[in-house]
Amino acid sequence: MKRKSFFKLIALAAVVMFNSCAPDDTFPGPGEKPEENGYTSAHAYNLNVIYFVASDREFNENYHERLSKIMLEGQQFFGDWMQHWGYGNKTFGLLKNEEQQLVKLHFIQGEKTSDNYPYEGGATAVKAEVDAYFSEHPEEKAGDHNLIIMAVNEKLDEGEEMEVGVPFYGIGRDAYALDYPGMSYDNLGTGGDVGWNATKWIGGLYHEMGHGLNLPHCGSTVSESESSTYGTSLMGPGNSTFGISPTFLAHSSAAIVNNCQVFSREEKAFYTETNAYIDALSAYYDAGDIVVSGSFVSDIPVTDVTYYHKPGTDPGGYRAVTWVNKPGGDNSFSIRMPVSEFKEKENNEYTFSVILNHENGNNTWTGFNYAFVSGVPDIDISIGQQNEYDKSNWQVTDFSSEETVNEDGAAVNIIDNNPQTYWHSRWNTDTPGYPHFLVTDTGEELQAKGFVIHQRVGSRAVKGYEIQVSNDNTSWETVLQGDLEDTYEQVLELPAERTFRYFKFIARSAHDGQQFAALAEIGVYH
């Protein structure tokens, strides 16, 4: 497309300013669009597809037709794999005109020039303008998930490798991708620079859209990788294979989007507060398999349980191997996972997570660490097996600080029997550093064999620790000290049984090196 003259740009800016403040009923740019009432959907919620153009850029020719086909083909891709994995004919919702095969796009003219929306950090500025648009036009918002497509005007399929130049990733329920002149679904698999860039940017759009639909990275098992039906996971390196070689939506991805808001055809509550945790788990190696069983507590129904193994050499999870099955009616789960399906064995460390997929769209992750030694998993996880004392009458009588202004980080959360709640040191103001401490009165003298510690899931895990005990809350004796692992549940056995009424947990350092501390739960077992 030729650059417009200065006066044409002024005229275009006037049109754009009008449309950036009004609903999408006079969509600017080449090509025709159906009337507003021509867009329909069978879904209760729909993905908001936004075409975002910086003030110094133009919308690309035939963007509406090209992007509509990309979105409709993506909708079909997700639907086919959801059907394959047993979830029925289910995919993300789009407002569309079936007759003209066009998808509703929201056009937003950026208030700033393109250098204000860079790859690094540019999403914040874009998101502020998207939120402002939907705040001004709430009737335009069809769901809580956004795909924001940024216009670039360089023709990226002509030889020279181009920098992304715009946000291209998923953050929360927002995904960012790009459109360049001539980007077409029909170019997938054609070879050369044209075909490769179609794969990179269209496959990349689907990959980042997946993140915006709640999906983490995940890879393929050995048999999936070698299959002509499966191949490469879209949420692994699938953005570089889509349209070139077999690319699929993993079962673990399907289990998550099955509960995504914009996949629903009925109105109901999504992303509401969820209290859930694993209350028992056993994991060990047996006859070529990793065997896992356990149970969970949840106030929101769980539709699937996902088992996620991420290599330590792959912090992003692009090569993670996953399995999925249904929970039992008694909130139990069990599975055998063949080690032959792992690509990376030898002496590799792994993070193993059990993910509870809730019907309200939330996902509860619980992580553990293990390693392969000479190709065999050295895994022996046992939680919920200790005889813990009842904590109903316990009280937290003293603590160094707590955060109760900007989050529920109250000290009492460490004895509420819910590992999803946690104590957090104060960070709203006057943030203290290490050491941090909490004192608990159990109400009676306990004959104890040790302590059960639950780290907070996600961040601020305590590393260096010390535990002191007392019978009078005055004279204290250290009975345990050392380093905690950054993992879910840990059992700290005393060198010999001890009798005490009070115990003090002292946090001396953090795994992340920051001054803050958090802890989910402390128990005493006999």
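Helices (H or I, at least four residues) and strands (E, at least two) are DSSP runs, numbered from the N terminus. This is a predicted model, in which local features need pLDDT of at least 70 and side-chain atom pairs count only at pLDDT 80 or more, while totals for chains, interfaces and linings use all residues. Residues are numbered from 1 along each chain as its sequence is written, and side-chain values use heavy atoms, leaving out hydrogens and water.

View 1. Start with glutamine 109, which sits in strand β4. Glutamine 109 is buried, with a relative accessible area of 14%; buried means under 20% relative accessible area, exposed over 50%, and partly exposed in between (1.4 Å probe, protein chains only). Look for a polar atom of the glutamine 109 side chain 2.9 Å from the backbone oxygen of valine 53. The backbone oxygen of alanine 54 also lies 3.1 Å from a polar atom of that glutamine 109 side chain.

**View 2. The largest nonpolar core.** In soluble globular proteins, nonpolar side chains tend to be buried together. Here a nonpolar core is a set of buried Ala, Val, Leu, Ile, Met, Phe, Trp, Tyr and Cys residues joined through side-chain atoms within 4.5 Å. The largest such core has 79 residues, and those with the most contacts inside it are Met71, Phe78, Phe92, Leu147 and Leu213. Among the elements that give two or more residues to this core are β1 (48–53), α2 (63–84), α3 (122–136) and α4 (192–212). The most comes from α2, with nine residues.

**View 3. Around methionine 71.** Which residues touch methionine 71, leaving aside its neighbours within four places in sequence? Its contacts (heavy atoms within 4.5 Å) are Leu47, Val49, Phe92, Leu94, Val103, Leu147, Leu205 and Met209. Elsewhere there is a second, separate core of 29 residues, which includes Ala283, Val354, Phe368 and Ile383.

**View 4. Helix α3 and its buried face.** The buried residues of α3 are Gly122, Ala123, Ala125, Val126, Glu129, Val130, Tyr133 and Phe134. Seen down the helix axis, the buried residues of α3 fall within an arc of 165 degrees, so they line one face; the arc is that of the directions from the helix axis to the C-beta atoms. On the other side of α3, Thr124 and Ser135 are exposed.

**View 5. Two cysteines without a bond.** A disulfide is a covalent bond between the sulfur atoms of two cysteines; the cut-off used here is a pair of cysteine sulfur atoms within 2.5 Å. The structure holds zero disulfides.

**View 6. Backbone details in the loops.** A cis peptide bond, with omega about 0 degrees, joins tyrosine 434 and proline 435. You can find proline 435 in the loop between β20 (423–424) and β21 (436–454). Tyrosine 271 has a positive phi of about 60 degrees although it is not a glycine, and tyrosine 271 is found in the loop between α6 and β10 (276–286).

Conventions. A polar contact is a pair of N or O atoms within 3.5 Å; within protein, one must be able to donate a hydrogen and the other to accept it, and residues adjacent in sequence count only if both atoms are side-chain atoms.
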